Amino acid sequence: MTEPVTRTRERPRPAPRRRGRLLLAGLATLIALTTFTIAGPAVAGSRETGAKAQERAAAVILARDRARFLARYAADPDRPFTTSFMAFRRELHGSALYRVLQLMPKGGLLHVHATGIGEAEWVVRRAFTEPDTYIYWGPASETWARGQLAAYPQGGVPEGFIATADLERAVPGLRARLLRLYTLGPEDASIPDIWTEFEAIFQRLDVFVSYRPVFIAYYRQSFLTLARDGVQFVEIHTSMDPLTTRGGGTVADLDVLAAYRRALAGVRARYPSFGLRIILCTWRGATVEEAAAQVARERALAAAAPGIVHGFDIVAHEGTGHSNAFYAPALTTLPRVPLYLHAGESLSPEDTNVQEALDLGALRIGHGLNMGLFPGLEQRVRDRRVTVEVCPLSNQALRYVPDLRHHPARGWLRRGTRIALGSDDPSIFGTRGLTDDFAMAYLSWHLSLPRLKQLALRSITASTLPPERRERQRGLFERRWRSWVAAVAASGAAR
Ligand SMILES: [Zn+2]
């Protein structure tokens, strides 16, 4: 059995004690109806003209919804772009703009991490319904973080862990307090090092989410949320650690993939084409030897499950871990592993991970925020046709881009640098699916409708999918896009 040598984005976790509005409802209907209309017989030329007219009409409606939304903030125009998203999200989610964008097809989600993929509210609810679940409520230590969740079906509950129902009787407002412990929100504004708190959140959640019954339910729910959000497939960056089972044992690798497939099966009953890819990760604290072993593990899993596992990434705080080049001996052995590397999630001119990722032949880079500090580097990214995975609300929550209007991706798009939008860790940033990142990019960067389409399409062309699956996803996307545009255009007449 493979021992875990890496973690998702977090520090190594200690092992558990036992291994153990009516109009919009109409919009959805319109999408279904227009799908039929568009598919029906038509002269090619008039269909083209009609599609362009619909694109123009839909663009006008979206721009109007954006203007109406921003008009609410005439007295405080910075608020939508600078407020902690946890404190702002209700205002966005209640808007007509959000509801229209939620139905927009988004292609694939290329940048999201295990454990952070779902919704913190779901985890809190599950903690009170999953049998044998305990919460650590002692002082924070090297081993345990306050609010850490774990299931101990075989007994052997460590000191400081209290059964969820017992703790709820003793601690007023426990569920709201847990939600704050599992997310980055306004209450974290005074924390000097936001990454320390960010990593502590993974520690609080990892053991519980790695409990197989919870794991399957969590991913099923996360995939459903994504599919409802117009996402066709997801590429999860994960170290794919072993899962604990009800019997107190652990399962790894192919058995973890089997658990992912079970979660996927629950989604495909409603969304038959929803797809999953795994990009295996090591973490920046690993030795070269550990990283090499993880690369070998990726090659073996990619051979055993070629439809799912594909590619490699290095994760965790760039400011404290090894650089990408440090791992060159592990990453350049033959057969070469395809690289989708985190790089430039930093504002430091000392962080040269983007150059190093390009030198290593990375096909995509995650974040790239400090690219502008190095002359010619963005041009090099463009010349190499490397796609940058941009996660606006993650970048804001982790304090790289306090004002979303100043996100460097706004300039990258205008200069022709390839980008796709990701959510990074939605459960921790309080986002849902991928609509929040699209909505805030649309609001903050004055994107046109063709730009929105370009962003979504890029996620397909830059995906890890083999060419034939990519073409199928692209065909599906184009059909859904035409239906959505037609429905938005038609809804304008009703409003
Ligand atoms: Zn990431």
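These legends go with several close-up views of the structure.

This is a predicted model, where local features need pLDDT of at least 70, side-chain atom pairs count only at pLDDT 80 or more, and totals for chains, interfaces and linings use all residues. Residues are numbered from 1 along each chain as its sequence is written.

**View 1. The protein chain has 21 helices and 13 strands.** Here, helices (H or I, at least four residues) and strands (E, at least two) are DSSP runs, numbered from the N terminus. Of the chain's 495 residues, 49% count as buried. Buried means that 20 or more other C-beta atoms lie within 10 Å of a residue's own; with 12 or fewer a residue is exposed, and in between it is partly exposed (C-beta atoms are placed from the backbone).

**View 2. Strand E5 (residues 231–238) sits between covers: eight of its eight residues are buried.** E5 pairs with strand E1 (residues 107–113) in the parallel sense, over five bridges. To count as a pair, two strands need at least two bridges between them, as found by DSSP. Look for Gly107, which stands opposite Val231 in E5. E5 also pairs with strand E8 (residues 275–283), again in the parallel sense, over six bridges. Over there, Val234 stands opposite Leu276 in E8.

**View 3. Val234 is among the residues with the most contacts inside the largest nonpolar core, along with Phe208 and Phe438.** That core has 130 residues, and helix H21 (residues 467–494) gives the most to it, with nine residues. A nonpolar core is a set of buried Ala, Val, Leu, Ile, Met, Phe, Trp, Tyr and Cys residues joined through C-beta atoms within 7 Å. In soluble globular proteins, nonpolar side chains tend to be buried together. Leaving out residues up to four places away in sequence, Val234 touches Gly108, Leu109, Val112, Phe223, Leu226 and Leu276. Being in contact means that the C-beta atoms of two residues, placed from the backbone, lie within 7 Å.

View 4. E2 and E3 run antiparallel, joined by three bridges, and Ile135 has Leu149 as its bridge partner in E3. With E4, E2 pairs in the antiparallel sense, also over three bridges; there, Tyr136 has Phe161 as its bridge partner.

**View 5. Pro153 lies in the loop between strand E3 (149–151) and strand E4 (161–163).** Pro153 counts as partly exposed because it has 18 C-beta neighbours inside 10 Å. Thr245 is 92 residues from Pro153 in sequence, yet the two are 8.9 Å apart in space, C-alpha to C-alpha.
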